[in-house]
Amino acid sequence: MNIRNLQVGDTIVAKNSYSDRGTEYVVVTNILDDVLFLWNEHKQKGFHIFYDSEEDLKFAKFKFGLEV
């Protein structure tokens, strides 16, 4: 899935990392070419993924299967 297509309220599932696999995260914010923020209410855990960070984009691909 392309990171740019995510809309506020969309749900995305963690694909890797044994402790988090299958956990659903909701898109709270997706400001194109800036930042994507994902949140899981149950775990009280979130991720900021910055578009200009190669490391963040690699993480997004590994953990959520997201492409730019």
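There are six salt bridges in this structure, where a salt bridge is a side-chain nitrogen of Lys or Arg within 4 Å of a carboxyl oxygen of Asp or Glu. Before I go through some of them, a word on the source. This is a predicted model, in which local features need pLDDT of at least 70 and side-chain atom pairs count only at pLDDT 80 or more, while totals for chains, interfaces and linings use all residues. Residues are numbered from 1 along each chain as its sequence is written, and side-chain values use heavy atoms, with hydrogens and water left out.

I start with aspartate 20. Its side chain meets that of lysine 43 in a salt bridge, at 3.1 Å from N to O. Lysine 43 sits in the loop between strand 3 and strand 4 (45-50) and aspartate 20 in the loop between strand 1 and strand 2, so this pair ties together parts 23 residues apart in sequence. Strands here are DSSP runs of E with at least two residues, numbered from the N terminus.

Aspartate 20 also forms a salt bridge with lysine 45, with 3.8 Å between the closest N and O atoms. Because lysine 45 belongs to strand 4 and aspartate 20 to the loop between strand 1 and strand 2, the parts tied together are 25 residues apart in sequence. Asp20, Lys43, Lys45 and Lys63 are linked in a network of salt bridges.

Is aspartate 20 buried or exposed? Aspartate 20 is buried, at 0% relative accessibility; buried means under 20% relative accessible area, exposed over 50%, and partly exposed in between, with a 1.4 Å probe and protein chains only. Lysine 43 is partly exposed at 35%, and lysine 45 is partly exposed at 31%.

Another salt bridge joins lysine 61 and glutamate 67, with the closest N and O atoms 3.4 Å apart. Lysine 61 is partly exposed at 47% relative accessibility, and glutamate 67 is partly exposed at 36%.

Now the strands. Strand 1 (residues 11-13) and strand 2 (residues 24-31) run antiparallel and are joined by three bridges; two strands pair if DSSP finds at least two bridges between them. Isoleucine 12 stands opposite tyrosine 25 of strand 2.

Strand 2 also pairs with strand 3 (residues 35-40), in the antiparallel sense, over five bridges. Threonine 29 has phenylalanine 37, in strand 3, as its bridge partner. The hairpin of strand 2 and strand 3 has three residues between the strands, and aspartate 33 there takes a positive phi near 65 degrees.

Technical notes
Helix = DSSP H or I, 4+ residues; strand = E, 2+ residues; numbered from the N terminus.
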